[in-house]
Amino acid sequence: MTDRRTFLKGTAAAGASLLGGPFFAADFAWAASVPGDTPEQRAINGAKALKKNVDLNILIWGQYFNGRMRELAAEFKEKTGIGIGGVQDLGIVAIPGKVMAESMARSSAFDIVHVGAGMIPTLANAGYLQPFDKFMEKGGMVYRSVGPQVEQTRYHGEYYGFVTDGNVHMTGLRKDLFDNPTERKRFEDKHGKPMKWPETWDDYLELAKFFTRPPDLYGVSDLRSRKWLGPIWFLMMLYSNGGFPFGSDMTPTLYTDAGRKAVEWYLGTKPYSTKDIAVWGTTQNIPFVAGGGAFMWTYWTGGPATAERQNSKTHGKWTYGVVPGSRMQGRLVKRSVSDPVIAVTVNRRSQNAEAAYWLCQYWCTPKHSTEIVADPKLTFHDAWAPEHMKDPRVAAKYTPGGIEGTAQCLQVSSPPILLPGNLEFTDLLDKNLADAFVGTISGDEALKKTEAEWRDVVKRVGSRLLVKDLASYKAAFPKIDLPKA
Amino acid sequence: MARRQGRRFKWFILPVVTVLILFLLVPIIFFQIFFSLHQWTAYIGEWWQAEFVGLEIFADVLGDARFYWALVRSLIFAGASTVLCLVIGFMLAYLMREPFRGRGFFYLLFITPMLVVPLAIGYNYEMLLVQKGPFNQLLSWITGQEIQVSWFAEAVPAFLSIIFIEVWNWTPFVFILMLAGLSGMPKEPIEAARVLGASPLQIFFQIQLPLLRPVIVLALILRFLEALGEYPKVWSLTRGGPGSYTETMPVYLYITSWEHFNISKGAAVSYLVLLIVAAIVYLCIRILLREKRALETLYRPSA
């Protein structure tokens with residue numbers, strides 16, 4: 001079974017790249033034992049075969065369970081008798097703690113949990129999550145992403161969830177300023193070279209410096225606040241330098257040339273950002289940037305989608321593209337990060353685990369995931385699948401330039417620290433980077449402190465377990481240096 | 001007969017005591033002790049299979065600089081906000097001690113901050129204190145200077161801001177206690193002092209304040225303990241930032257237990273904090289009893 005599954009997955013991935021990939025795929029259409037021409041139809045038939053009339057409980061942030069996602073759940077209920085009853089609305093940052101509490105209590109209270117894929121190794125280890133593979137085969141699920149996002153929902157070779165929000169970082173800059181002939185001349189006179197799209201993080205900081213004109217305009221507005229995933233930006237920089245947080249024996253490897261350069265870039269945005277960036281989250285930053293406060297940002301694609309709304313002061317003034325990279329390895333390498341990739345997962349202890357799975361499949365087929373992502377009212381389910389990139393409704397929401405930029409960034413997107421205990425690893429890195437950003441410690445000290453604290457975590461969790469899990473972490477990396485157009 | 005009835009065991013309280021033991025004491029005492037002596041991370045194995053490590057976890061906590069910094073921040077935060085709550089709350093209560101027209105309206109106005117949900121306070125102050133926000137604009141207007149302090153982006157302003165918001169939120173609590181104390185004060189000593197020609201200042205410092213001391217000490221204890229455990233406002237405002245400058249003990253404990261899922265370390269930290277708080281409470285009770293005895297001695301009717 002495992003060999004057949006692996007063969008099918010491998011065939012699907014190879015086939016996909018021949019069809020104009022690269023993308024990562026799990027295509028079980030030809031393995032389906034449930035009748036139906038489409039994965040949506042098979043989800044319905046699979047659910048009907050259970051002959052159940054049940055309302056499932058879901059733990060999800062209310063911003064996600066809205067619009068088309070909610071409508072699809074209602075349709076599924078009508079067709080199969082299986083729907084959503086109780087909705088526990090909790091912020092995405094609070095859900096991991098809540099799920100862990102549920103896991104510790106061996107609770108079956110929630111059937112479906114919508115959680116960051118970074119938590120999958122932790123929750124799978126805790127025995128909370130239902131593996132999907134046998135249902136995916138049965139239901140002939142088609143599950144593919146432009147970049148390695150689907151790999152983030154895979155752990156030790158099994159899928160544990162389906163992505164609904166691809167969440168990748170993309171760079172956007174103000175084209176009204178970038179294309180302005182006066183600005184371009186000034187830049188060229190100052191730097192002796194034409195102003196162009198930032199290919200490296202050095203170019204990024206150079207542009208940011210040029211366009212820093214407080215108090216009305218800051219060069220860049222990337223988050224650096226505690227608990228707002230500052231490590232995402234650091235990891236982009238580290239990965240593009242060829243760095244990786246751990247060695248093959250789980251020895252932390254942050255204080256390296258790659259790490260030191262990354263932290264230098266990370267801290268380098270400080271003079272070109274508003275002071276408040278040290279404590280801002282997305283709720284403050286998006287209106288600031290959409291209101292014209294910054295020339296450039298590297299952000300989740302939902303941010304640009306909001307900035308492009310009709311009532312935004314900077315509507316139509318943005319251009320988007322792939323994030324900067326690094327030439328540290330002797331060639332240009334670009335790495336974005338997809339974090340958090342939010343996925344629907346099923347509680348292994350649910351009394352309706354299979355029913356919950358069928359609803360998840362119904363939501364996350366290529367057709368329905370496109371409808372969810374294209375919903376103009378929902379800006380939180382970001383595009384991730386190849387079908388999303390070609391859909392005109394998605395292009396209308398993100399702008400054609402935005403969707404092109406998204407597609408490019410997805411191709412080179414990398415995971416967060418995809419290991420059991422990822423929240424702890426991330427929090428320790430986050431805290432030390434935040435301390436460095438406010439000047440309590442230096443960048444080098446931040447790296448060394450983090451390494452020391454990570455060593456304690458590795459010792460406590462067990463290096464044997466973590467070394468085994470490195471394979472899943474590394475499988476979620478792109479196989480190319482630069483995106484294809 | 002009456003005495004025998006008073007000494008008989010009251011069997012009707014047994015169900016309540018049983019529930020308290022089963023659902024309060026057993027989880028807190030048994031499980032907390034268990035987890036603080038056994039190394040268990042929530043996603044590694046079952047809790048009953050956790051390895052016994054003795055006092056290693058306590059040693060780990062006591063060797064963790066982050067724990068001490070969190071404790072120091074909590075003590076400074078609680079101490080400063082408690083003293084300010086007391087001073088302002090007492091002043092407001094003193095102004096309100098005698099009835100006057102519109103007193104009810106002012107009473108409502110003064111207690112309103114305490115009625116607001118902490119998270120709502122956090123989010124609102126986040127907007128008020130932003131660099132280009134209304135608070136800086138007000139200060140600029142008052143001073144005639146351009147004031148653009150980033151209240152949450154720098155260490156000292158961030159820490160002062162959370163103290164200020166805590167004072168704004170909880171001064172009404174002290175105000176209510178002080179007002180009750182002032183209203184319940186016996187009038188005879190004050191009348192007698194007036195008749196004997198004492199000045200208002202003498203009456204305040206030598207009669208009213210000593211009579212109020214037990215209430216003041218009670219307010220200090222309750223407010224301090226409450227402030228030590230303050231979490232929702234700090235979390236919603238700063239999440240321990242900028243950097244780690246506002247990472248107080250509750251924030252540190254939350255992160256340890258519910259982000260690191262290091263249940264054992266969380267249990268050990270909780271116990272150490274419990275010991276520290278118990279020592280503070282014991283000291284305060286000693287002071288309170290001493291105040292009570294002093295008051296009783298002062299106003300014991302002469303033989």
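Q: How many residues of chain B are in contact with chain A, and how many of chain A with chain B?
A: Two residues are in contact if their C-beta atoms, placed from the backbone, lie within 7 Å. Here 23 residues of chain B are in contact with 27 residues of chain A. The side of chain B that touches chain A has 11 nonpolar, 10 polar and 2 charged residues, where Ala, Val, Leu, Ile, Met, Phe, Trp, Tyr, Cys and Pro count as nonpolar, Asp, Glu, Lys and Arg as charged, and the others, Gly among them, as polar.
This is a predicted model, in which local features need pLDDT of at least 70 and side-chain atom pairs count only at pLDDT 80 or more, while totals for chains, interfaces and linings use all residues. Residues are numbered from 1 along each chain as its sequence is written, and chains are lettered from A and ligands numbered from 1 in the order in which they are written.

Q: What radius of gyration does chain B have, beside that of a compact globule?
A: The radius of gyration is taken over C-alpha atoms, and the globule rule is 2.2 Å times the number of residues to the power 0.38. For 303 residues a compact globule would come near 19 Å, but chain B has 24 Å. The C-alpha atoms of chain B fill a box of roughly 80 × 75 × 30 Å along the principal axes.

Q: Into which domains is chain A divided?
A: Domain bounds come from an automatic or database domain assignment. In chain A, domain 1 covers 2-167 + 341-414, and domain 2 covers 169-337 + 417-475. Their contact takes 29 residues from domain 1 of chain A and 30 residues from domain 2 of chain A. On the domain 1 side that touches domain 2, α19(A) gives the most, with 6 residues.

Q: Why can α20(A) be called largely enclosed by the rest of the structure?
A: A residue is buried if 20 or more other C-beta atoms lie within 10 Å of its own, exposed if 12 or fewer, and partly exposed in between, with C-beta atoms placed from the backbone. In α20(A), 16 of the 16 residues are buried, so this helix is largely enclosed.

Q: How far does helix α20 of chain A reach from its first C-alpha to its last?
A: Helices (H or I, at least four residues) and strands (E, at least two) are DSSP runs, numbered from the N terminus, and the expected span of a helix is 1.5 Å times one less than its number of residues. Helix α20 of chain A (residues 422-437) reaches 22 Å, close to the 22 Å expected. Just after α20(A), A:Gly439 takes a positive phi of about 95°.
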